[in-house]
Amino acid sequence: MMPRSTLPIVAVLVFGMSFSVHAETIQISMENLVISPAEATAKVGDTIEWINKDIFAHTATARSGDWDVTMPPKKTITLVLKKAGTIDYYCRFHPNMKATLTVTP
Amino acid sequence: MFVRLSAAIAAFGLLSSAVLAQGAKPTDPQIAHIAYTAGVIDIAAAKQALAKTSNKEIKAFAEDMVRDHEAVNKQALDLVKKLKVTPEDNDTSRSLSKNAADKLAELAKLKGAEFDKAYAANEVAYHKAVDGALETLLIPSATNAELKSLLQTGLKIFQGHEQHAEHVAAALK
């Protein structure tokens, strides 16, 4: 049996912990052949939501080979990040579209 | 290099002089027709390449051309429908189509690496010509804001194609 006064502290700790592991969703748009923001940061476990606003199909292709996501015109595609690192990626169909994603552990 | 450049200039000259010969800037229905025709031509060229080539780079490039030009043309059709505009055939569209038919016939006779090189060189020249026409003639002449905006999107994507084609052509040398 814990003393009463420690309960709120425990509650804060538990709440704080669950809050810190809560994964976030980061939105990145592809519009008019531009990836925005061109530099984004996220944590392992976060979800990236690429929103293709163009009438063209695009890809988010990691130069490292870690992932290669294809998004049809006017569609949103998500990817859960599993690995930390700084990843340069581009659109295979339109190689002028480039961006960087920094994934922290 | 000289051949490629002069082909581009000749093609562009053809594109603009045919319009200028009519003595006026092209109208929106004519611009829509020219832009759509230019897309159809590049799709046909890409389909020919897909049927003939065994080069991975050429194949990927041609697939990009079909995908992007079909997307622009679909958007163009949706727009003319929405604006209740009927695209109007004109001398520029006709000379573009005539030239393209000649080019298809010329390329049809080539095989293997020879075909790949000729296709890539023509894609560079063709996109240069179309981009030039969009920039100096079609976009400035368009009066409807939505048509102008679609042409601007087209220009941006075709400039990427031009670079991509240059890259593919250089890799074949």
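Reader: At roughly what angle do the axes of α2(B) and α3(B) cross?
Author: In this predicted model, local features need pLDDT of at least 70 and side-chain atom pairs count only at pLDDT 80 or more, while totals for chains, interfaces and linings use all residues. Residues are numbered from 1 along each chain as written, and chains are lettered from A and ligands numbered from 1 in written order. Helices here are DSSP runs (H or I, at least four residues) numbered from the N terminus, and axes are lines fitted to C-alpha atoms over the stretch in contact, with angles from 0 to 180 degrees between N-to-C directions. The axes of α2(B), residues 28-52, and α3(B), residues 56-83, come within 8 Å and cross at roughly 155°.

Reader: How are α2(B) and α3(B) oriented to each other?
Author: Angles over 145 degrees count as roughly antiparallel. The crossing is roughly 155°. α2(B) and α3(B) are therefore roughly antiparallel.

Reader: How far apart are the axes of α2(B) and α5(B)?
Author: Helix α5(B) spans residues 112-141. α2(B) packs against α5(B) at about 170°, which makes the two roughly antiparallel. Their axes are apart by 11 Å.

Key:
Angles under 35 degrees count as roughly parallel, over 145 as roughly antiparallel, 65 to 115 as roughly perpendicular and the rest as oblique.
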